[in-house]
Amino acid sequence: MGEVQQKNILQVEDLHVQYGQVQAVKNVSFYVEQGEIFGLLGPNGAGKTSTLSAIEGLIRQQSGTVTVAGYDTLKDSRHARAAMGVQLQSTSFQPELNVAEILELYAGIYGLSLNKQQLQALLNEINLSDAENKKFGQLSGGQQQRVSLAITTIHDPKLVLLDEPTSGLDPQSRRQLWSRIESIREKGNAVVLTTHSMEEAEAVCDRISIIDHGRIIATGTPQILIDKHRNDPDVIAVSRRGKITLEDVFIALTGSAIRA
Amino acid sequence: MSLTIPKTPAVLAALLKADYIVLWRNRRGNIMSVLMPLIIVFSWKGLIPQFGGAFVLANGITLGIIAIGLMGYANAVARDRDKGVFQRLRVSPLPLWTIMASRLVVQLSMILLLTIVVFVAGYQLDGILMPTAGYFVTFFVSLVGGALYLSLGQAIVGRIQSPETVNSTTRLIYLAFIMTGMLGQFDYFGVDFKRIVDWSPYGTVKTILAVSFEPAKWNLHATEALLLSIGYAIIFATLGIKWFKWGAK
């Protein structure tokens, strides 16, 4: 497939993922358009990471199809992976490599070569110009996230997948990351992110899906979901301040029980 | 939207560059791998009149190859798998085989370097000088021995997930090869045990290395040892690839 023209950069249809006897993802379908930030929300063990892993090609689905930029992730896996940038929940690199060497490695893997000026420009862009010789493990959590996101987007992918990108970050780093995610959208590229933060979903996501027990139970813009469920007795019952929030809707739909 | 996937040689070059940097940054550990062969070459000087220079050099190189193949390769792969390094690479558009190919090339380079160090040490410390052709044949044979122990390392890291257990297992096997391989060849444990050692991965590699120094003396026993070494490498590699999981979970 050489030229692909389409609005939906990601199309997931009837996705089933199973680990042994446990069905982690059941009949999940959704799409993400160009220039859209799409949030996948759910409690622990709901199937968010399994869904992302199937899209990324880290696990093989039992059935269903995933297409990225028109490429089937099973049939055209290398093309599909070339079209996406992935930030895993926990990213690690060989501890012997420094930041500059990690950036050069991943540029090379995507068929790019960085000269000294380009490398410095990239480091400046992520506010790490003085950290090029530092090892990844010596960076703060926020700095690690910035390096990780720089690698994820180094080849300007049409689809960026972020698995809980702001987990463990301080408010300043989180806000900075939100700006970077929004700048990806401004370029016309799409973002799929998983998060436990309803504040984050409301702040940056154009549309969200709530997933629980492996199934998508609601999809829409944050405001549409709030408006749709505003008068549900379950939502009103869990509301804490009179004003209905996305978190109230989320708790009402997924239950109050603590998940593993 | 047109999409190009990176060319495999470019990907391999990027991986090789990173893996050689990692090798260089771990130079202290690599020096330790070379130290044991040097101790053999130095301390076995008295055995040269009885067994010959090739015997001493072959034992030194064999031990170095075992250290690099088992402790260097297997432990690094187990650690990186546990940390998620491979998962990060797997979500990029590289062919998966390039990840391991790059690491194997780096380790084979290390084995060639070890072989040169033992050649030089053998000459400088013990005055061992072999025919020129012997050095070239030994280079090739040390790659066969390297392939055997790298594939054994692959089988271990394929079967065992925990990096700590991989570490202790490779050390145990290394120690077992030193004790049984080195001592068994001197008839200390009887003829039957010596025969087992001769046809073990230690014995076959030591045999082909010893004969390769003097290609004119290549015989049927050496050919059988070479074929068996290749056979071991194929079996271990097949099991290692079959068992291997890229992720820690």
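User: What makes the six strands of chain A an open sheet, and in which order do they run?

Analyst: Happy to start there. In this predicted model, the six strands line up as β6-β7-β8-β3-β9-β10 in chain A, with mixed pairing. The ends of that order are β6 (84-87) and β10 (215-220) of chain A; each has a single partner strand, so one side of each is left without a neighbour in the sheet. From one strand to the next, the twist averages 15°.

User: How do you know that β6(A) and β7(A) are paired?

Analyst: Two strands pair if there are at least two bridges between them. β6(A) and strand β7 (residues 159-163) of chain A have four bridges and run in the parallel sense, so by that cut-off they count as paired. You can pick out individual bridge partners: A:Val86 goes with A:Leu161 of β7(A), and A:Met84 goes with A:Leu159 of β7(A).

User: Which helices pack on this sheet, and what do they touch?

Analyst: Helix α5 (residues 141-152) of chain A touches β6 and β7 of chain A, and its direction makes about 160° with that of β6(A). Helix α10 (residues 246-254) of chain A touches β3 (37-41), β9 (207-212) and β10 of chain A; its direction makes about 30° with that of β9(A).

User: Why is β7(A) called largely enclosed?

Analyst: A residue is buried if 20 or more other C-beta atoms lie within 10 Å of its own. Five of the five residues of β7(A) are buried, so the strand is largely enclosed by the rest of the structure. Both faces are covered: A:Leu159, A:Leu161 and A:Asp163 are buried on one side, and A:Val160 and A:Leu162 on the other.

User: And why is A:Pro233 called exposed?

Analyst: A:Pro233 has 8 C-beta neighbours inside 10 Å, so it counts as exposed. A:Pro233 lies in helix α9 (residues 233-238) of chain A. In sequence A:Pro233 and A:Ala252 are 19 residues apart, while their C-alpha atoms are 8.9 Å apart in space.

User: Now chain B: which residues touch the most other members of the largest nonpolar core?

Analyst: That core has 55 residues, and B:Leu57, B:Ala74, B:Leu148 and B:Ile208 touch the most other members. Among the elements giving two or more residues are α2 (27-43), α4 (53-83) and α7 (132-159) of chain B. α4(B) gives the most, with 17 residues. Leaving out residues up to four places away in sequence, B:Ile208 touches B:Val141, B:Val144, B:Ala222, B:Ala225, B:Leu226 and B:Ser229. Apart from this core lies another, of 52 residues, among them A:Ile37, A:Leu52, A:Val66 and A:Leu193. As background, nonpolar side chains tend to be buried together in soluble globular proteins.

User: How many residues of chain A are in contact with chain B?

Analyst: 28 residues of chain A are in contact with 26 residues of chain B. On the chain A side, α2 (77-83) and α3 (99-109) of chain A give two or more residues; α2(A) gives the most, with five residues. By class, that side has 12 nonpolar, nine polar and seven charged residues.

User: What makes up the two domains of chain A, and where do they touch?

Analyst: The domain assignment gives domain 1 (8-215) and domain 2 (221-254) of chain A. Their centres, taken over C-alpha atoms, are separated by 28 Å, and 12 residues of domain 1 are in contact with eight residues of domain 2. On the domain 1 side, α7 (198-204) and β9 of chain A each supply at least two residues. The largest share of that side, four residues, comes from β9(A).

How values were computed: Residues are numbered from 1 along each chain as its sequence is written. Chains are lettered from A and ligands numbered from 1 in the order in which they are written. This is a predicted model: local features need pLDDT of at least 70, side-chain atom pairs count only at pLDDT 80 or more; totals for chains, interfaces and linings use all residues. Axes are lines fitted to C-alpha atoms, for helices over the stretch in contact, and angles run from 0 to 180 degrees between N-to-C directions. Two residues are in contact if their C-beta atoms, placed from the backbone, lie within 7 Å. A nonpolar core is a set of buried Ala, Val, Leu, Ile, Met, Phe, Trp, Tyr and Cys residues joined through C-beta atoms within 7 Å. A residue is buried if 20 or more other C-beta atoms lie within 10 Å of its own, exposed if 12 or fewer, and partly exposed in between; C-beta atoms are placed from the backbone. Ala, Val, Leu, Ile, Met, Phe, Trp, Tyr, Cys and Pro count as nonpolar, Asp, Glu, Lys and Arg as charged, and the others, Gly among them, as polar. Domain bounds come from an automatic or database domain assignment.
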